[in-house]
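Here is a short briefing on selected local features of one protein model. Please keep the sequence and the 3D view open as you read.

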Amino acid sequence: MMKALVLFLMTSLGTVTYLVAQEQVDILIVGGGAGGTTAGIQAAKMGTRVKVLEKTPWLGGMLTSAGVSAIDGNHEMPSGLWGTFRQKLYDHYGGPKALATGWVSHTLFEPAVGNTILQQMADIPNLEVSFNTSFTSVQKEGDSWKVFYEKNGKPGITTAKILIDATETGELLPLVGARFRLGMDAKSDTREKEAPEEPNNIVQDLTYVVILEDKGNIRSKQGLVKKPIGYNASDFECACKREGGEMFGSVSDCQQMLNYGKLPNNKYMMNWPNCGNDFYLNWPELTSEERNIKLKEAKAFSQGFVYYIQNELGFKNLRLAEEFPTKDGFPMIAYDREARRIRGQVFLTVDHLERPYDFDFYKTGVAVGDYPIDHHHDKNPETPQIEFINIKVPSYTIPMGCLIPEKIENFLVAEKNISVSNIVNGTTRLQPVVLGIGQAAGAVAATAVLNNKKTNDVSVRKVQQALLKNRAYLMPFIDVKPNDPAFVSIQRIGASGVLKGFGVPYKWANQTWFYPERIVSEYEWQQGLLTYFPQLETLPASGKGVTISFLEDVIKKVHPDYMLHSLRENWKSWGVIQNFDQETPLTRRTISIITDKALNPFDMEVDFSGKLLNNN
């Protein structure tokens, strides 16, 4: 990529003028958080020139810089770069059990370790990360984006074909003229029965997370916090006690509360929602200066929680860990659970999650999630009362159109700013989902560059294929892992809708099962194929299992010139486990492979809504 040159000219008045030559890249990503990091890695791996502007000295955003180092969800779906990141954590700590230290998650780690791993993953050709860099303005010039920024107090400019907003709160959306939603949506907008009648600008509580370390019987005062101004012990007096319910287990003592976010190496992540350090900050109504003042209050509130733990509860052994490169020991950023949400090509609502197969959006899936709809609103009494956690949905896929705005060309989103309803944001905001969203945004951007297309015109199937090449999930099938030889075929056939999954809302890890070893009936297979091959309507199909004889009838009907003897020849090389037996009913695994290889419906292009394009 072309490097910027900075020249200094002395004017006649003795002042210094900066002339900053423009640096040119294919893709510029503002924000090196969870989504921005994976967007950059994916796009660079596909061969495009990428630059990331990150305001802190770390990569990872909420995962690391905000200290939220307990992964929420997707334990059974190690999709793409999320799976790579988790495996590197396993390698660092010594396996899965070493990360299962707290009861909130299967995967807990030290934020500094997470940052180190992400920086190692991002150390690849074509990718430049500019740390300690804050953007100052954005301009559109012709078909290019121009972003002005400051790095360590010095100005810089980068131009790019494609711009990606990967900031924590969707900071670029108003600057580029994109339409967006913010706060709680009205029922008339989303048609969600759970939504309030009127919209409002209420956002979720944020948290200044704290990392504590058990220092044992240490005598020094290092790591003990001072009582903050405005401290009130009653704010935290119910922190160690919570009644159980359908979704929440009971908490009966303080050690149990602390173990919620216990990390490796005797550290504790304090991100406790029950009379803990959540804090309501209505940033949509604040200027940046006002927000910064309120963030100091949020940090002081978390300091008060630590003071309560150390003094009122008597855990003097728990000291502020030296985890972050900050003077006060707190994370570099707060944990924002909500952002401005782009008005995209597709708008994902609760109905789409609850009944995915009543719509076609799933056919354009580029990222997956399984966490329940979880909102934090305890600190704002004016919030409409909605039982978010009791809105039952199975695991889900995020349509590609959620990352692409309605009208703005060559601009994408890659964080909590995707096109979903306020309610749905309660599940799509979690770390592994955002890692997947970012990877998908990187694939969209790179596909556009490599094919000389605008992002609004990119092939859905080409993006999905690029993600599959990197072991990412399109469909949330928990019983077919990326190391399964049939993974790609099952994902492609699932995203085509030929064979559907079975969704189950389940506790804190919702599910969708493919059941690869189940027998497929002739009728089920025929009905799944009709969208792509309407000529099969006249083929009699019963409820008995598909055999090779029926398989051959279908292939011959679709491709009259197909040499059926090649089916036997390719059977094993395609990875089919079942024997080539004329009488044996075939499984969903086998049918997926044969459908993918011999009929290839996935190759037929769909639009952002999942409908077949007319030019197929």
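Start with strand S4 (residues 50-53): Val50 and Val52 point one way, Lys51 and Leu53 point the other way, and all are buried. Buried means under 20% relative accessible area, exposed means over 50%, and partly exposed lies in between (1.4 Å probe, protein chains only). Strands (E, at least two residues) and helices (H or I, at least four) are DSSP runs, numbered from the N terminus.

This is a predicted model, in which local features need pLDDT of at least 70, side-chain atom pairs count only at pLDDT 80 or more, and totals for chains, interfaces and linings use all residues. Residues are numbered from 1 along each chain as its sequence is written, and side-chain values use heavy atoms, with hydrogens and water left out.

**Strand S4 and its partners**
- S4 pairs with strand S3 (residues 23-30) in the parallel sense, over four bridges. Two strands pair if DSSP finds at least two bridges between them.
- Val52 in S4 stands opposite Ile29.
- From S3, the chain crosses through helix H1 (residues 34-45) to S4, and this β-α-β crossover is right-handed. That term applies if, with the strands pointing away from the viewer, the path from the first strand over the helix to the second runs clockwise.
- S4 also pairs with strand S5 (residues 127-130), in the parallel sense and over four bridges.
- Glu128 in S5 is the bridge partner of Lys51.

**Helix packing**
- Helix H13 (residues 548-558) packs with helix H15 (residues 588-599) at an angle of about 25°, and their axes are 11 Å apart.
- H13 is therefore roughly parallel to H15. Angles under 35 degrees count as roughly parallel, over 145 as roughly antiparallel, 65 to 115 as roughly perpendicular and the rest as oblique.
- Axes are lines fitted to C-alpha atoms, for helices over the stretch in contact, and angles run from 0 to 180 degrees between N-to-C directions.

**Ser566**
- Ser566 is found in helix H14 (residues 565-570).
- Ser566 is buried, at 14% relative accessible area.
- A polar atom of the Ser566 side chain lies 2.5 Å from the backbone oxygen of Met563.

**Positive phi**
- Most residues other than glycine have a negative phi.
- Asn152, not a glycine, has a positive phi near 55°. Asn152 is in the loop between strands S7 (144-151) and S8 (154-165), and is exposed at 57% relative accessible area.
- Lys507 is not a glycine either, yet has a positive phi of about 45°. Lys507 lies in the loop between strands S20 (502-504) and S21 (511-513), and counts as exposed at 55% relative accessibility.

How values were computed. Polar contact = N/O pair within 3.5 Å; in protein donor to acceptor, adjacent residues only side chain to side chain.
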